[in-house]
Amino acid sequence: MIELKNIIFGYNKDNIILKNINLNILKNECILLCGKSGSGKTTLTKLINGIIPHLTENFYFNGKVLCNDFDIKNHKMYEISRIIGSVFQNPKSQFFNIDSNSEIVFGLENNGIPQKNIELRLKETINSLKIEKLLNRNIFKMSGGEKQSLAFASVFAMNPEVFVLDEPTANLDEESISVLKNILKKIKSEGKTIIIAEHRLFYLKDIVDRVVLMKDGYISKIFNSKDFFSLNFENRVDMGLRSINKETINLKNTPNVYSKNILKVNNLSCKIKNKIIFNNISFEVKQGEILGVLGKNGSGKSTLMRCITGLIKEYEGYIKFNDIKLNHKKRIDYCYMIMQDVNHQLFSESVWNECNIDGHSNDLDIENVLNNFNLIDFKDSHPMSLSGGQKQRLAIATGILSNKKILIFDEPTSGLDYDNMIKVSSMIKKLSKNHIIIVITHDIEFLNNTCSKILQMNNF
């Protein structure tokens with residue numbers, strides 16, 4: 001089905017990312033690509049779906065990528081897309097419409113499918129994926145998890161032979177992951193081939209046939225499913241891999257309250273265009289505590305955090321810091337938020353300049369933070385050239401260097417491997433000595449390692 005022969009790839013000859021890759025993927029096989037951030041997983045998916053070489057410039061490439069015996073580089077992207085469907089790590093990068101219905105059927109319309117067939121396929125997609133709540137929606141008003149589900153739906157509607165998924169659960173809640181798991185089982189039973197680059201592994205236990213471990217651009221090892229999901233804790237951690245079993249909430253972090261600094265949220269409500277997003281939310285967080293915020297996709301978690309930071313004005317209720325009531329303008333002085341989509345807050349032409357964008361950070365502090373997040377070797381690189389996990393770590397680094405009293409993290413482990421998840425967890429715990437910390441997350445493994453208390457939000 002898919003054959004990679006003697007692949008060598010880099011964005012120039014001095015920066016080789018993939019080295020001597022040879023891999024055969026059979027029809028109806030599910031392949032998991034795993035390994036540390038920056039090991040080459042995403043680049044490999046771009047070779048399979050034709051983004052490399054067709055939509056990439058200034059690169060060095062040797063070898064062949066074959067699909068059904070035809071060479072990917074010798075076919076047009078529209079021809080490839082009829083066979084191979086892709087869901088990207090950042091789903092927004094593949095949207096072409098403003099409304100959700102149009103996005104789901106966009107590929108079908110481009111292929112000239114009759115209108116009656118399009119309508120039928122739209123209904124089939126909605127029913128199969130259980131995404132009724134995503135219909136007739138403005139894409140730009142969706143949560144990150146909802147956008148991820150929509151991106152998958154747009155590919156599912158095309159009914160390709162091969163599905164290439166890059167971190168498909170990065171921003172999904174537990175219920176959405178369960179739906180995705182069942183859909184992957186369904187399309188596999190229909191004879192589809194599935195290639196998944198993923199850090200969250202537990203949900204793939206009954207789906208994957210083989211596991212390809214990537215390390216430093218090489219294929220380090222190939223496991224069968226049974227051997228991989230039988231790895232003990234020590235071996236898994238040595239490989240930098242996340243949990244292979246589903247985690248339940250079991251907080252392990254005991255808070256240490258180092259000062260009297262306290263954030264109080266009282267009966268807070270937020271309304272956007274006459275629609276209540278959340279209502280009567282109350283909680284408090286002390287310096288030394290780390291609050292984890294849980295809830296389904298679309299329950300208002302990110303909106304709550306934007307309200308706390310002052311980016312959105314509250315409808316009712318109030319927010320106090322050390323018994324001083326703060327209006328939304330004043331809260332901006334106290335809060336720094338690391339967003340779910342970090343591309344929104346990376347502006348500079350180099351990693352180093354990004355860390356000193358306000359001009360207040362000294363060189364030693366920047367160097368220490370970049371070392372802690374394994375980014376020092378990329379200090380002269382453009383932030384947009386980094387992998388998804390590396391961008392996430394850079395955004396967290398800029399938050400640390402901001403020195404604001406309240407730090408809010410929206411899905412900080414999206415796209416992170418085990419090693420970097422633990423580093424982010426350790427760094428957040430250290431930061432809690434001097435900051436009030438709030439973390440939005442669906443990542444139970446990270447939550448258990450990091451947080452000391454939980455706020456559960458429900459759909460309003």
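Q: Which residue of β12 stands opposite Ile-272?
A: Ile-272 faces Lys-275 in β12. The model is predicted: local features need pLDDT of at least 70 and side-chain atom pairs pLDDT 80 or more, while totals for chains, interfaces and linings use all residues. Residues are numbered from 1 along each chain as its sequence is written, and side-chain values use heavy atoms, without hydrogens or water.

Q: How many bridges join β11 to β12?
A: There are eight bridges between β11 and β12, and the two strands run antiparallel. Strands pair if DSSP finds at least two bridges between them. Strands (E, at least two residues) and helices (H or I, at least four) are DSSP runs, numbered from the N terminus.

Q: And in what order do the strands of that sheet come?
A: The order is β12-β11-β14-β15, an open sheet of four strands with antiparallel pairing.

Q: Which strands stand at the edges?
A: The edge strands are β12 and β15 (324-325). Each of them has a single partner strand, so one side of each is left without a neighbour in the sheet.

Q: Back to the β11 and β12 pair: what lies in the loop between β11 (262-272) and β12 (275-286)?
A: Lys-273 is placed in that loop. Its phi is positive, at about 50°, although Lys-273 is not a glycine.

Q: Is Lys-273 buried or exposed?
A: Lys-273 counts as exposed because its relative accessibility is 70%. The classes are buried under 20% relative accessible area, exposed over 50%, and partly exposed in between (1.4 Å probe, protein chains only).

Q: What is phi for Asn-28?
A: Asn-28 has phi near 70°, again a positive value in a residue other than glycine. Asn-28 belongs to the loop between β2 (16-25) and β3 (30-35). With 31% relative accessibility, Asn-28 counts as partly exposed.

Q: Which peptide bond is cis, with omega near 15°?
A: That is the bond from Ile-52 to Pro-53. Pro-53 is part of helix α2 (residues 51-54).

Q: Why point out such backbone angles?
A: Most residues other than glycine have a negative phi, and most peptide bonds are trans.

Q: New topic, Ser-100: where is it?
A: Helix α4 (residues 100-110) contains Ser-100. Ser-100 is buried, because its relative accessible area is 0%.

Q: What does the side chain of Ser-100 reach?
A: It reaches the backbone nitrogen of Asn-136 at 3.2 Å. The Ser-100 side chain also makes a polar contact with the side chain of Asn-101, at 3.3 Å. A polar contact is a pair of N or O atoms within 3.5 Å; within protein, one must be able to donate a hydrogen and the other to accept it, and residues adjacent in sequence count only if both atoms are side-chain atoms.

Q: Which residues is Ser-100 in contact with, leaving aside neighbours within four places in sequence?
A: Ser-100 is in contact with Leu-134, Leu-135, Asn-136, Arg-137, Ile-139, Met-142 and Leu-150. Contact means heavy atoms within 4.5 Å.

Q: One more, Thr-398: which helix holds it?
A: Thr-398 sits in α14 (residues 388-402). Thr-398 counts as buried because its relative accessibility is 9%.

Q: Which backbone oxygen lies 2.6 Å from a polar atom of the side chain of Thr-398?
A: The backbone oxygen of Ala-395 does. Leaving aside neighbours within four places in sequence, Thr-398 is in contact with Tyr-336, Glu-354 and Cys-355.
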